[in-house]
Amino acid sequence: MTDSSIVTRFAPSPTGFLHIGGARTALFNWLYARKHGGRMLLRIEDTDRERSTEPAIAAILDGLKWLELDWDGDVVYQFTRAARHREVAEQLLAEGHAYRCYATPEELAEMRAKARAEGRTRLYDGLWRDRDPSQARNDIKPTIRLRSPLTGETVIEDQVQGRVVWQNENLDDLVLLRGDGNPTYMLAVVVDDHDMGVTHIIRGDDHLINAARQKQIYDALAWGVPSMSHIPLIHGPDGSKLSKRHGALGIDAYRAMGYLPAALRNYLVRLGWSHGDQEIFSTEEMIRAFDLSGIGRSAARFDFAKLENLNGHYIRHSDDRSLVTQFERVLDYVPDGTELKAKLNDATRAQLLAAMPSLKERAKTLIELIDASYFIFADRPLEIEPRAEALLTPETRELIGRLRAALAAVDPWTAETTEAAMRAFAEANNLKLGAVAQPLRVALTGKTTSPGIFEVLSVLGKQECLARLGDQAPS
């Protein structure tokens with residue numbers, strides 16, 4: 001069943017990168033809209049002019065594109081709609097649902113201190129709520145405050161949290177318009193969601209108290225309140241608030257660590273949402289299965305090991321050509337990536353593609369894939385790892401020289417023919433295959449671990465293999 005009237009929105013503040021929690025919120029909004037044939041809108045909430053930055057906006061847009069979460073229509077920038085927000089504040093004022101407050105900063109500070117000392121959550125005491133407008137002060141630029149109900153309850157029927165109730169006596173007359181004429185976040189969000197036709201608000205449960213305040217604005221304007229779903233935040237593996245050591249990084253950091261967009265989407269969808277015991281979801285399966293009732297109320301725990309294992313699954317099951325493309329893309333974000341990119345040409349791409357079936361079996365990230373493919377791009381003479389260097393004794397170097405002579409006669413050069421030649425060499429010299437393969441591996445890759453040695457021989461080709469063996473054989 002589809003409902004094209006459904007509209008969700010992702011509304012980040014551009015005061016920093018697109019973090020993992022924001023990415024999950026965007027994904028949930030995207031999935032819900034796509035499942036119902038509706039639309040997901042993107043709004044940049046840049047009303048905080050001091051902290052909003054262009055690089056942060058660019059990082060948010062770039063992160064969403066990398067995750068392949070597309071939005072519908074143009075990006076809406078909240079600050080450009082300030083005139084509309086002021087218009088609504090003036091409307092509330094004219095209808096008696098708001099009033100001008102001329103309290104000084106000193107008076108407000110005194111009110112807050114008194115309320116806190118008395119244990120009250122309502123910090124503003126209504127000083128200007130019922131004053132005669134003739135008492136207005138010329139030396140103060142007034143704010144416009146909502147005339148909130150003093151009794152009764154404000155209720156949200158939340159799709160995740162259930163029925164949430166606030167006593168109105170504990171909620172302040174919140175500021176809608178500051179003294180400088182700039183609208184507050186609370187007002188701007190309500191007006192924008194209404195004007196953009198948002199039907200479903202899906203966001204972190206740190207916004208739950210905002211929902212109560214925003215509901216009061218909706219009620220004052222006699223506007224319908226969108227369906228609300230406040231999803232639990234993501235915690236670290238130990239249950240504490242997510243920090244950088246746990247994974248509270250920008251999406252760009254996950255890209256640089258070599259995660260695939262599809263794997264990260266799959267990991268994020270299972271953070272706080274479940275569908276039976278299923279762990280692996282294609283994008284189509286996610287869209288079909290996603291529903292708000294599957295979101296739990298308790299905080300999800302971020303687990304790097306689980307993400308790595310999932311990413312490894314996606315790498316193993318990825319098409320080889322698509323992995324070569326992902327390999328190239330990640331080079332823009334890793335140390336030495338530029339140097340490696342310069343070595344990519346038709347020949348090395350073909351070698352990388354030929355090696356991919358073997359490379360991807362062991363790699364959990366694209367970084368591990370890059371590391372394992374080093375032998376393709378290495379300059380001669382190879383840089384030998386210290387552990388591998390220890391294996392290059394005079395005896396093994398002499399063995400490499402004899403092995404080179406045996407391999408020089410192989411024609412045609414394939415994984416099968418080189419394997420046959422190596423086995424024949426080992427048997428003729430009364431050696432186990434491993435005793436021949438390990439020195440060969442070191443001479444060809446500079447490492448003690450690599451893809452299968454016969455794949456390495458095949459991928460590098462006869463000329464390069466004989467040259468590398470010659471570098472390590474006795475002169």
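**Overall form and local features of the predicted model**

L460 touches Q351, F375, I376, L444, C465 and R468, when residues up to four places away in sequence are not counted. The model in which these contacts occur is a predicted one. L460 is found in helix α20, which spans residues 453–460. With a relative accessibility of 6%, L460 counts as buried, because a residue is called buried when its relative accessible area is under 20%. One of the residues touched by L460 is F375. In sequence, L460 and F375 are 85 residues apart, whereas in space their C-alpha atoms are separated by 8.4 Å.

Among contacts between residues at least 6 apart in sequence, 75% join residues at least 24 apart. The protein contains 21 helices and twelve strands. Of its 475 residues, 51% are buried.

The overall dimensions were also computed. The radius of gyration of the protein is 31 Å, while a compact globule of 475 residues would have a value near 23 Å. Taken along the principal axes, the box filled by the C-alpha atoms is roughly 110 × 50 × 40 Å. The accessible surface amounts to about 22400 Å², and carbon and sulfur atoms account for 50% of this surface. The protein carries 59 positive and 67 negative charges, and the mean positions of these two sets lie 2 Å apart.

A further buried residue is located in a loop. S318 lies between α10 (304–316) and α11 (320–330). Its relative accessibility is 17%, so S318 counts as buried. The side chain of S318 reaches the backbone oxygen of Y314 at a distance of 2.6 Å. When residues up to four places away in sequence are left out, S318 touches L260, L323 and K360.

The bond from R380 to P381 is cis, with omega near -10°. P381 is placed in the loop between α15 (374–377) and α16 (386–389). F375 and I376, which are touched by L460, have sequence numbers that fall within the range of α15 (374–377). A cis peptide bond also joins D411 and P412, where omega is about 0°. The loop that holds P412 runs between α17 (394–408) and α18 (415–428).

E68 has a phi of about 65° and is situated in the loop between α2 (54–66) and β3 (76–77). At 44% relative accessibility, E68 counts as partly exposed, because this class covers the values between under 20% for buried and over 50% for exposed. For A222, phi is near 60°, again a positive value in a residue other than glycine. A222 occupies the loop between α6 (208–221) and β10 (227–231). The relative accessible area of A222 is 70%, and the residue is therefore exposed.

The residues described here thus include buried ones, such as L460 and S318, together with the partly exposed E68 and the exposed A222. L460 belongs to a helix, whereas a loop is the setting of S318, E68 and A222.

How values were computed:
Residues are numbered from 1 along each chain as its sequence is written. This is a predicted model: local features need pLDDT of at least 70, side-chain atom pairs count only at pLDDT 80 or more; totals for chains, interfaces and linings use all residues. Side-chain values use heavy atoms; hydrogens and water are left out. Helices (H or I, at least four residues) and strands (E, at least two) are DSSP runs, numbered from the N terminus. The radius of gyration is taken over C-alpha atoms; the globule rule is 2.2 Å times the number of residues to the power 0.38. Buried means under 20% relative accessible area, exposed over 50%, partly exposed in between (1.4 Å probe, protein chains only). Contact means heavy atoms within 4.5 Å. Accessible areas come from the Shrake-Rupley method with a 1.4 Å probe; for residues, only the protein chains shown count as cover. Lys and Arg count as positive and Asp and Glu as negative; His and the chain ends are not counted. The place of a charge is taken as NZ of Lys, CZ of Arg, CG of Asp or CD of Glu. A polar contact is a pair of N or O atoms within 3.5 Å; within protein, one must be able to donate a hydrogen and the other to accept it, and residues adjacent in sequence count only if both atoms are side-chain atoms.
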